[in-house]
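Please read it with the sequence and the model at hand.

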Amino acid sequence: MKSNRIRKALLTLACSGVGAGAFYPVAANATERSSTAVAAGVVTDEDKATAAEGDIVVTAQRRAQSIQDVPIALQAYGQEELRRRGVIQADDIVRLAPNLSLNESNSINTSITIRGVGTNNFHGNVNRAVGIYQDDVYLATPYTGVLGVYDLERVEVLRGPQSTLLGRNTTGGAVRYLSNKPKPGDPLSGYLDVTYGSYNRADAEGALGGSLTDNLATRGAFQIERRDGLFTNVAPGREGEQLGRRERYSGRLQFVWQPAPGTDILFNGHFGLNRGNDVGVKARGLRNPANPTQACPDVATSGNFERGNDCVTITGFNPSTSNYYQIYNTTSARSNVDVGGGFIKLDQELGFATLTAIGSYDQTGVQLADDFAGFNTFQFQTQQDSTFKDYAAEIRLASPQRYGFRWIAGAGYFHEDLVQGTIVRRDNGGALQPGGETISFNILNQKDEDLSVYGQGDFDLTHRLTVTAGLRFTNNSKSATSRFGVANSPASQIPVNTFISRDIALALTNGAPETCPPGPVVVGPDGRVTGGPPPCLLPLLNPRQEINRLSARAAISYKFSNAILGYASYSRGFKAGGFDTRALAAFSGGGRNPVAPETLNAYEAGVKSDVFGRLLRLNGAVFYYNLQGLQTFAVQNGTPAFINIPKSRLIGLELTADVNPGDGWHLHGDFGWLDTKITDSGGVAGLDKGHVLPNSPRTSANAVIAREFGLNNGSRLNLQGAVRYVARSIDSLRFRDDFLLTKNAQFYLDLRAAYQFGRDNRYELAVFGNNLTSQKVCSDIDLNDNPLQPSPSDLTSTVACTPSDGRALFGGSFKVRL
């Protein structure tokens with residue numbers, strides 16, 4: 001009760017801070033405004049002017065700084081760089097930097113891994129290890145990528161735990177997407193950018209904004225993405241259906257009001273819709289074509305998804321195809337996401353500091369159907385039907401940048417109401433119920449609350465030497481009601497491609513006894529009778545988890561010269577725990593035990609330098625991580641499970657170089673090296689000590705070469721080539737399965753040419769080609785059964801690949817600046 005009062009008081013405080021700034025503004029002179037805007041994390045024109053030429057000004061530490069002055073391993077990309085590199089979706093950012101990879105459970109549930117720390121889980125109630133932020137607001141769900149990447153000032157990629165300033169669920173790092181903001185006094189401006197390309201790709205993006213009055217400005221922006229599906233469904237009755245079709249719509253409207261000098265109030269409203277469809281999986285069988293009860297003698301070839309083989313499924317069907325773009329998908333392939341919300345942000349100058357208060361609300365609705373088996377008939381379908389309602393508030397004070405001691409202190413509150421339906425539809429093939437076509441489900445009604453207070457200070461011991469120390473205390477509590485059940489779902493009554501929603505699952509078990517799991521009738525020690533045929537329910541579960549955690553950061557940085565910064569740091573972060581919502585747990589008694597939090601202790605040292613008169617910029621970092629309790633989705637004894645890996649060790653390095661030799665040339669290169677290992681498996685089934693962590697390629701690198709030509713009429717020609725290499729990685733946690741769950745090394749080549757012309761070069765025509773090597777890769781590989789020892793209770797008897805586009809894609813664009 002007391003903690004609830006504290007949370008409500010904090011939310012009221014944040015809202016009252018916005019109101020106070022609007023109706024009781026504090027005047028400030030121009031000098032104060034400049035320094036405190038920096039403290040507030042607002043990038044002003046003055047900041048950009050005073051930064052070294054070519055630098056991006058970032059707010060990674062909640063105050064505006066040149067990227068070369070921040071003692072953190074990070075990279076930042078401006079709007080034009082993002083456009084030249086073809087970044088249009090939030091997940092595209094992984095193409096730009098080393099030691100970044102993507103966990104892609106399906107077409108809409110994705111998360112980013114940084115330095116081997118990420119999230120490997122299909123369920124939407126699981127927190128991500130890399131925090132995603134849009135304009136200082138934490139985006140909690142793994143479906144927010146549908147908001148798109150458009151009209152951005154910059155993107156910042158922060159490596160390592162950021163829990164002190166950003167909070168929980170940033171153990172791996174954070175990615176911050178920062179929009180272009182309207183500014184009172186600015187003239188009308190904007191742009192329109194249209195693209196047409198392969199497979200009827202038709203994208204449009206634009207923005208328009210300017211001052212409405214002397215102290216009020218607005219800016220609206222939108223993005224539309226459409227493209228045909230690259231894959232073709234070959235399931236019976238669905239032949240010729242496009243899969244992987246892209247259809248997304250995003251929009252944002254902002255107002256900035258300055259009611260008095262020193263007061264800025266930002267109003268933001270946004271939405272995103274996804275109406276494309278899911279791809280499904282390419283599957284390979286694990287059984288012997290001569291005897292499907294035995295392992296396939298040629299099973300080693302089932303890890304190659306570009307060719308067919310002779311291995312079959314438990315039903316004797318061969319799901320492989322010789323055509324990479326043919327897929328068996330028996331579901332509705334529904335892939336709907338609706339995101340909508342907004343926030344209010346106040347920056348109020350107080351003279352000695354800047355007060356910042358933010359209040360936000362976002363609602364996300366998800367309906368997803370995914371075929372995990374890849375059969376010609378339905379064998380293992382997953383459906384998700386969820387609604388997220390997120391409320392957040394933060395209030396902080398930040399000192400001016402100009403002092404030798406700079407500090408920031410604040411408090412944050414987060415609350416999420418989640419109703420999540422996870423439904424698995426199976427043809428059990430006699431394994432659990434003779435002829436049983438069933439659904440098993442979990443309906444989770446969860447509340448997640450987070451209260452934290454934090455502070456960080458930077459103290460200049462000399463004009464070259466600075467020490468940093470920060471702490472954050474977090475109280476996180478989760479509570480839920482969790483209902484598991486099983487019902488019959490014969491295809492003769494419920495068509496195979498029906499989307500099974502929460503309402504349908506509950507209707508099929510309406511009035512059912514609490515006798516799950518189904519099977520032989522048993523009387524337990526508590527007197528509860530279980531067994532019998534479906535439909536049935538498990539008794540309602542009420543899982544709870546409350547934790548208190550302390551996050552910390554300590555760093556020392558030294559300016560060897562105005563152009564060389566060295567630093568060393570220690571940081572500690574954590575990711576909250578969660579509840580087991582596997583639908584199949586209805587067959588094993590339900591997920592009663594919460595998954596524990598994970599904790600990361602990180603040690604890092606780095607150098608940032610500009611040498612030879614800024615001809616060469618060379619930055620590098622090395623790191624050592626001790627990771628405890630890494631949360632992951634694994635298969636234990638033939639049953640999927642959400643577990644903790646007791647201990648892991650990660651070490652690595654990154655190097656970034658920029659060369660500007662003049663005459664319009666620019667060269668950029670990145671290199672990353674990573675070594676991960678499970679150092680303690682704790683005897684947990686499904687884990688092998690010494691095994692690498694998933695999604696952790698040993699090396700990754702990219703390079704860009706660009707040349708700009710100034711033409712006689714004042715127009716410009718830009719040519720650019722980009723290459724990217726990613727070493728092989730393994731989606732397994734045990735050595736036994738590596739031969740099937742290894743992703744091949746990847747090499748990509750992208751080319752682009754652009755011609756800018758007209759008054760102030762406001763027009764641009766561009767042509768581009770992406771993935772000119774036609775690189776094919778599985779973004780995710782799943783194996784639910786033992787490939788060497790078949791069992792009648794196998795879930796799919798396949799190994800399944802979520803395929804990448806795998807084609808060279810071409811297009812052209814036209815952009816006009818207003």
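A residue is called buried when its relative accessible area is under 20%, exposed when that value is over 50%, and partly exposed in between. The model discussed here is a predicted one.

**Charged pairs**

Side chains of opposite charge can pair when their charged atoms come close. In this structure there are 46 salt bridges, and the table sets out three of them.

| Arg-95 | Asp-92 | 3.4 Å |

How many residues apart are Arg-168 and Asp-450, and which parts of the chain does the pair link? The two partners are 282 residues apart, with Arg-168 placed in the loop between α5 (163–166) and β9 (173–179) and Asp-450 placed in strand β25 (residues 437–460), and the pair thus links distant parts of the chain. Arg-168 has a relative accessible area of 7% and is therefore buried, since that value is under 20%.

In the pair formed by Arg-95 and Asp-92, the acidic residue, Asp-92, counts as buried because its relative accessibility is 12%, a value under 20%.

Beyond these pairs, a network of salt bridges links Arg-62, Asp-136, Glu-153, Arg-154, Glu-156, Arg-176, Lys-345, Glu-394 and Arg-396.

**Aromatic rings**

A pair of aromatic rings is described by the distance of the centres and the angle of the planes. The search of the whole structure finds 17 aromatic pairs. One of them joins Tyr-558 and Phe-560 in an edge-to-face arrangement, with 4.9 Å from centre to centre and 75° between the planes. Tyr-558 has a relative accessible area of 34% and is therefore partly exposed, as this value falls between 20% and 50%. Phe-623 and Tyr-625 form another aromatic pair, this one tilted, with 5.0 Å centre to centre and 40° between the planes. Buried or exposed, how do Phe-623 and Tyr-625 count? Phe-623, at 5% relative accessibility, counts as buried, and Tyr-625, at 0% relative accessibility, counts as buried too. An aromatic cluster is formed by Tyr-755, Phe-757, Tyr-763 and Phe-814.

Lys-776 is placed over the face of Tyr-324, at 5.5 Å from the ring centre, while Arg-425 is placed over the face of Phe-378, at 4.9 Å from the ring centre.

**Surroundings of Ala-491**

Both Phe-378 and Arg-425 return in the surroundings of Ala-491, which, leaving aside neighbours within four places in sequence, is in contact with Phe-378, Arg-425, Glu-437 and Val-496. Ala-491 belongs to the loop between β26 and α6 (502–508), and at 27% relative accessibility this residue counts as partly exposed. From Ala-491 to Arg-334 the separation is 157 residues in sequence and 18 Å in space, C-alpha to C-alpha.

**Surroundings of Arg-617**

Arg-617 is part of strand β33 (residues 616–636) and, with a relative accessible area of 12%, is buried. Which residue's side chain makes a polar contact with the side chain of Arg-617? The partner is Asp-610, at 2.7 Å. Not counting residues up to four places away in sequence, Arg-617 touches Asp-55, Ile-67, Gln-68, Ser-609, Asp-610, Thr-656, Ala-657 and Asp-658.

**A sheet of three strands**

An open sheet with mixed pairing is formed by three strands in the order β14-β13-β20. Strands β14 (242–243) and β20 (326–327) are its edges, each pairing on one side only. Strand β13 (residues 231–233) runs parallel to β20 and is joined to that strand by two bridges. Within this pairing, Thr-232 stands opposite Gln-326 in β20.

Definitions and conventions
Residues are numbered from 1 along each chain as its sequence is written. This is a predicted model: local features need pLDDT of at least 70, side-chain atom pairs count only at pLDDT 80 or more; totals for chains, interfaces and linings use all residues. Side-chain values use heavy atoms; hydrogens and water are left out. Rings of Phe, Tyr and Trp (its six-membered ring) pair if their centres lie within 6.5 Å; planes under 30 degrees apart count as stacked, over 60 as edge-to-face and the rest as tilted. Buried means under 20% relative accessible area, exposed over 50%, partly exposed in between (1.4 Å probe, protein chains only). A charge sits over a ring if NZ of Lys or CZ of Arg is within 6 Å of the ring centre and within 35 degrees of the ring normal. A salt bridge is a side-chain nitrogen of Lys or Arg within 4 Å of a carboxyl oxygen of Asp or Glu. Helices (H or I, at least four residues) and strands (E, at least two) are DSSP runs, numbered from the N terminus. A polar contact is a pair of N or O atoms within 3.5 Å; within protein, one must be able to donate a hydrogen and the other to accept it, and residues adjacent in sequence count only if both atoms are side-chain atoms. Contact means heavy atoms within 4.5 Å. Two strands pair if DSSP finds at least two bridges between them.
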